[in-house]
Amino acid sequence: MHKATVTRLSILQKAFELIYTKGYQTTSVDDILATTQVTKGAFYYHFKNKDEMGLAVVEEILKPAMIENFTKPLLNAEDPIKGIYQMMKNLLLENPNLLVQYGCPAGNLTQEMAPWNKAFTKALAELTSQWQGTLQQCINNGKKRGQINKEVNAEQVAFFVMSGYWGIRNLGRLSNSKDCYKTYLKGLQVYLKKLE
């Protein structure tokens with residue numbers, strides 16, 4: 001890999017870690033430089049400003065992670081009920097990169113940046129829309145295979161599952177405990193079973 005590419009990726013990865021743990025607005029370019037040990041010149045060679053870098057974090061760090069952890073498991077699910085539940089269990093209890101005390105990276109950025117920055121709103125809306133579409137596809141596939149009741153509205157289920165995830169991540173963040181995740185997963189399991 002070319003040195004400039006490695007430097008750029010290093011900046012984005014360290015920036016993501018700082019933004020996830022500290023928040024976007026409280027993370028400065030100087031904070032990022034201190035953790036990456038690159039010069040200001042190197043930073044501004046790759047990015048015009050902090051917002052351009054932040055959008056690159058969404059596109060190049062968050063998006064691939066969401067595809068890997070949020071959408072791929074659903075695309076490969078033979079049983080949508082089990083697939084949705086297992087995806088959520090993995091996200092909440094087994095993913096080593098999603099820390100209870102910091103909540104959901106995409107959810108945090110949405111709350112922090114969407115009201116103020118249209119470019120962030122658009123980029124984050126695309127991520128959300130992709131997850132929603134995959135959830136709906138998974139549910140509709142289940143309907144076609146007779147695994148889910150044909151009367152089930154896939155869009156409603158997708159919104160319910162997504163809002164439950166973001167809500168429980170915030171509750172976990174407040175309590176700094178995964179106990180609420182376990183309670184949520186039991187409720188989710190009951191809800192999903194009713195879709196059959």
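Analyst: Rolling a probe the size of a water molecule over the atoms shows where empty space is left. In this predicted model, the largest pocket holds about 410 Å³ of space. A pocket here is an open set of points on a 1 Å grid over the protein atoms alone, where a 1.4 Å probe fits, with protein on both sides within 12 Å along at least five of seven lines. Its volume is the space filled by probe spheres set on the points, which are joined across faces, edges and corners.

User: Which residues lie closest to the centre of the largest pocket?

Analyst: Phe16, Ala65, Asn97, Leu98 and Pro105, out of 22 lining residues; lining means having an atom within 4 Å of a point. Helix 1, helix 4, helix 6 and helix 8 each supply at least two residues of that lining, and helix 4 gives the most, with six.

User: How are helices picked out, and how many does the chain have?

Analyst: Helices are DSSP runs of H or I with at least four residues, strands are runs of E with at least two, and both are numbered from the N terminus. The chain has nine helices and zero strands. Two housekeeping notes: residues are numbered from 1 along each chain as its sequence is written, and side-chain values use heavy atoms, leaving out hydrogens and water. Since the model is predicted, local features need pLDDT of at least 70 and side-chain atom pairs count only at pLDDT 80 or more, while totals for chains, interfaces and linings use all residues.

User: What span should helix 7 have?

Analyst: The expected span is 1.5 Å times one less than the number of residues. Helix 7 has 27 residues and should span 39 Å, and its end C-alpha atoms are 38 Å apart, which agrees. At its start, a side-chain oxygen of asparagine 117 comes within 3.0 Å of the backbone nitrogen of alanine 119. After helix 7 comes glycine 146, with a positive phi near 80°.

User: Now the inside. What counts as buried?

Analyst: Buried means under 20% relative accessible area, exposed is over 50%, and partly exposed is in between, using a 1.4 Å probe and protein chains only. Buried residues make up 44% of the 196 residues in the chain. A nonpolar core is a set of buried Ala, Val, Leu, Ile, Met, Phe, Trp, Tyr and Cys residues joined through side-chain atoms within 4.5 Å. The largest one has 61 residues, and Met53, Ile84, Met88, Leu109, Trp131 and Tyr165 touch the most other members. Helix 4 provides the largest share of this core, nine residues.

User: Can we zoom in? Where is isoleucine 84 placed, and is it buried or exposed?

Analyst: Isoleucine 84 sits in helix 5 and is buried, with a relative accessible area of 1%. Contact means heavy atoms within 4.5 Å. Leaving aside neighbours within four places in sequence, isoleucine 84 is in contact with Leu74, Leu135, Cys138, Ile139, Val161 and Leu192.

User: Which helices do the buried residues of helix 5 pack against?

Analyst: Here's the general idea: an α-helix has 3.6 residues a turn, so residues three or four places apart point the same way. In helix 5, the buried residues include Ile81, Ile84, Met88 and Leu92. The buried residues of helix 5 pack against helix 4, helix 7, helix 8 and helix 9. At the start of helix 5, a side-chain oxygen of aspartate 79 is within 3.0 Å of the backbone nitrogen of isoleucine 81.

Methods: Polar contact = N/O pair within 3.5 Å; in protein donor to acceptor, adjacent residues only side chain to side chain.
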